[in-house]
Amino acid sequence: MEETDREAVATAVQRVAGMLQRPDQLDKVEQYRRREARKKASVEARLKVQTIQSQLDGVRTGLSQLHNALNDVKDIQQSLIDVNKDWRQSINTIENLKDVKDAVVQHSQLAAAVENLKNIFSVPEIVRETQDLIERGELLQAHRKLMDLECSRDNLMYEQYRMDSKNTHDMNLIHTYFGDMQKLSEELAKQLWMVVQRSLVTVRRDPTLLVSVVRIIEREEKIDRRMLDRKKQTGFIPPGRPKKWKEKMFNILERTVSTRIEGTQADTRESDKMWLVRHLEIIRKYVVDDLLVAKTLLEQCFPPHYDIFNRLLNMYHQALSTRMQELAAEDLEANEIVSLLTWVLNTYKSTEMMGNLELSPEVDVNSLNPLISQNVVDQLLSKYMSTLTSNIIGWLRKALETDKKDWIKETEPEADQDGYYQTTLPAIVFQMFEQNLQVAAQINEDLKTKVLLLCLQQMNSFLTRYKDEAQLYKEEHLKNRQYPQCYVQYMIAVINNCQTFKESIISLKRKYLKMEMEDTLSSSQTNMDATLDIIAKEGCSSLLDEVFMDLEPHLNELMTRKWLMGSNAVGTICVTVEDYFNDFAKIKKPYKKTMTMEAHRRVVVEYIRAIMLKRISFKNAEERKEGAEKMIKEAEQFRFLFKKLAAGSGEDTEGLCDIIEAIAEVIKLTDPSLLYLEVSTLVSKYPDIRDDHIAALLTVRGDASRDMKQTIIETLDQGPSQPNPNYVPIFKEITVPTLTVPKLLK
């Protein structure tokens with residue numbers, strides 16, 4: 001319509017343009033308008049007349065058709081009256097033909113009997129021949145004869161049914177006479193089902209036999225349909241129909257598939273720990289082989305509408321689903337749960353099985369339903385995590401017990417490639433973790449993460465037990481220091497294990513944990529690191545305790561008359577420490593450095609404590625000079641020793657020994673008037689020195705009067721303190737056990 005309107009407007013514009021080509025034609029515009037209006041009115045009038053004329057023609061045609069229809073109805077009515085009259089007149093004639101009708105029925109039955117007379121008399125012979133054919137495996141010929149027998153029986157029974165459907169005696173007589181035929185049918189069916197059961201084998205050895213079976217089933221299906229159609233028309237159906245052999249064939253195939261799947265379990269848990277893995281592998285192999293045979297050979301033996309490959313595929317899938325659910329319902333162990341889930345979730349749809357390239361495109365793994373429901377999967381995973389938790393706890397406990405037995409051995413622990421002592425505990429623990437994580441990774445990423453979190457959680461608890469056992473090990477050793485013989489070496493191994501544990505935890509997280517998950521484990525990592533540091537620190541402390549227990553007799557000689565007279569206690573101390581540190585060289589660097597610093601600190605502390613115990617009071621300046629020079633010399637010995645022990649560690653070994661030298665300078669001072677200045681210098685360097693320390697130091701000098709001591713102490717209390725920001729307090733660890741300042745001043 002829009003196109004027509006545009007054309008009309010264009011035509012009108014063209015026409016108006018033709019009328020108004022000169023200026024003088026503008027005066028005639030009104031005249032043109034009236035002329036066009038008259039033309040328009042004339043056209044509209046003609047159109048209206050044509051429309052009315054068309055409507056009148058239609059009405060005239062309709063009236064003519066109605067008139068003709070009325071005449072036809074009257075003719076039909078008259079014909080019906082005539083038919084009704086003829087029917088009423090022929091009723092008597094129909095009743096007179098009843099005898100003829102009965103004769104026709106009887107003739108039909110007799111004709112059927114005559115037609116099947118030969119078969120009727122030869123039934124026993126045909127039965128024997130059919131039996132022989134079945135026994136010889138000639139199934140098609142046997143079925144042909146069986147069909148002839150059934151056809152004769154069915155025709156006779158049908159004619160009897162037509163003559164007298166209520167006469168069961170004659171029906172039973174016919175059925176009994178053909179009774180052996182039913183046995184033949186059953187025997188033939190058995191042979192067919194045997195072939196169907198072994199169809200995947202038969203199709204490779206004798207596909208013709210399988211094709212014959214399928215042809216027989218197809219014949220029976222056609223007969224079933226024909227008998228059912230006749231039943232709809234006549235109400236009669238022969239005994240044993242419909243046979244439904246096609247349906248039975250698929251049912252037998254389904255049972256065969258289920259039996260094949262279930263029959264692959266050759267072992268039990270008692271006879272073989274790997275029974276489930278073996279069972280699942282056999283299933284995988286059988287299913288793939290069977291489906292390949294079905295695709296390449298079996299499909300050629302069945303009509304296309306059987307869709308035999310997809311039917312078999314569904315049967316195998318359903319049988320597998322049923323079997324997997326049965327296995328899931330059993331009391332499976334943790335490794336068996338993993339094997340089952342790995343097979344169900346991964347192997348089943350992988351290229352090793354349903355995703356096999358030779359099965360595509362007929363098998364679409366994406367369209368296959370899960371073998372077990374998500375609910376069952378969740379239950380198995382929950383059971384697995386629960387069992388794994390118990391197992392890990394047991395494994396860790398057993399590993400720790402085994403490691404503890406090593407601690408009391410009379411042989412030194414093994415060393416790693418760098419010569420550091422170690423036990424097998426970290427390797428055993430993390431090998432166990434690795435194995436479980438690798439197994440979990442076979443199932444899915446989520447389970448792998450859960451197992452990693454579980455391992456780290458149990459590791460946290462395990463480290464607490466490890467710390468307690470290390471403490472008990474130390475306490476048992478202190479009861480008898482001769483036992484265990486290799487206590488020092490195994491304590492070093494325990495310390496080194498802490499570093500190995502740290503490195504292994506980091507490696508485990510880096511390998512199995514996604515980057516985005518690391519923040520969630522930061523607190524757990526911090527806790528484990530803290531526990532490991534505590535174990536290592538306590539181990540180092542126990543080793544140093546061992547050292548200082550051996551040093552105790554020599555430390556007791558320090559700052560005594562024997563020491564002043566030439567005792568070599570410090571030399572013995574240095575030799576003993578160095579000897580111990582030859583063993584401590586087997587400690588890994590992070591802890592060895594800490595231990596060296598702590599040993600240095602404790603030696604200096606014990607030396608200063610010996611001074612503060614006031615075992616000696618120098619009698620004169622000569623003794624003070626001799627004692628101070630000996631202290632300086634011994635400080636230098638300590639400095640040299642620990643510088644040697646700390647070689648390469650970057651440790652500052654100077655500052656601690658400087659304290660001994662500073663104290664020696666106070667003792668060495670010959671001018672008592674400068675004593676306050678020297679003491680104040682000492683206090684400014686080491687602001688944690690207390691009054692009792694100063695009093696003890698002045699007592700050791702032996703030349704400070706009570707008033708001088710009191711003046712120096714009071715003056716120092718009032719003076720400002722300017723501690724070195726890098727100084728680590730050391731005097732706070734040293735107590736002066738007996739004399740106090742008030743007692744001293746009395």
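The model is predicted: local features need pLDDT of at least 70, side-chain atom pairs count only at pLDDT 80 or more, and totals for chains, interfaces and linings use all residues. Residues are numbered from 1 along each chain as its sequence is written, and side-chain values use heavy atoms, without hydrogens and water.

**Exercise 1.** State which helices the buried residues of α14 pack against.

*Solution.* Step one: locate α14, which covers residues 334-347. Step two: list its buried residues, among them Ile-337, Leu-341 and Trp-343. Step three: look for their packing partners, which are α12 (275-296), α13 (308-329), α15 (374-407) and α16 (425-443).

**Exercise 2.** Work out how α17 and α18 are oriented to each other.

*Solution.* Step one: take the axes (lines fitted to C-alpha atoms over the stretch in contact) of α17 (residues 445-479) and α18 (residues 487-512), which come within 12 Å and cross at roughly 170°. Step two: angles over 145 degrees count as roughly antiparallel, so α17 is roughly antiparallel to α18. Step three: inspect the contact (heavy atoms within 4.5 Å), which includes Leu-456 and Phe-462 of α17 and Val-494 and Phe-501 of α18.

**Exercise 3.** Classify Thr-464 as buried, partly exposed or exposed.

*Solution.* Step one: Thr-464 lies in helix α17. Step two: its relative accessible area is 38%.

Definitions and conventions: Axes fitted to C-alpha atoms, helices over the stretch in contact; angles between N-to-C directions. Helix = DSSP H or I, 4+ residues; strand = E, 2+ residues; numbered from the N terminus. Parallel < 35°, antiparallel > 145°, perpendicular 65-115°, else oblique. Buried < 20%, exposed > 50% of the residue type's maximum accessible area, 1.4 Å probe, protein only. Expected span 1.5 Å × (residues − 1).
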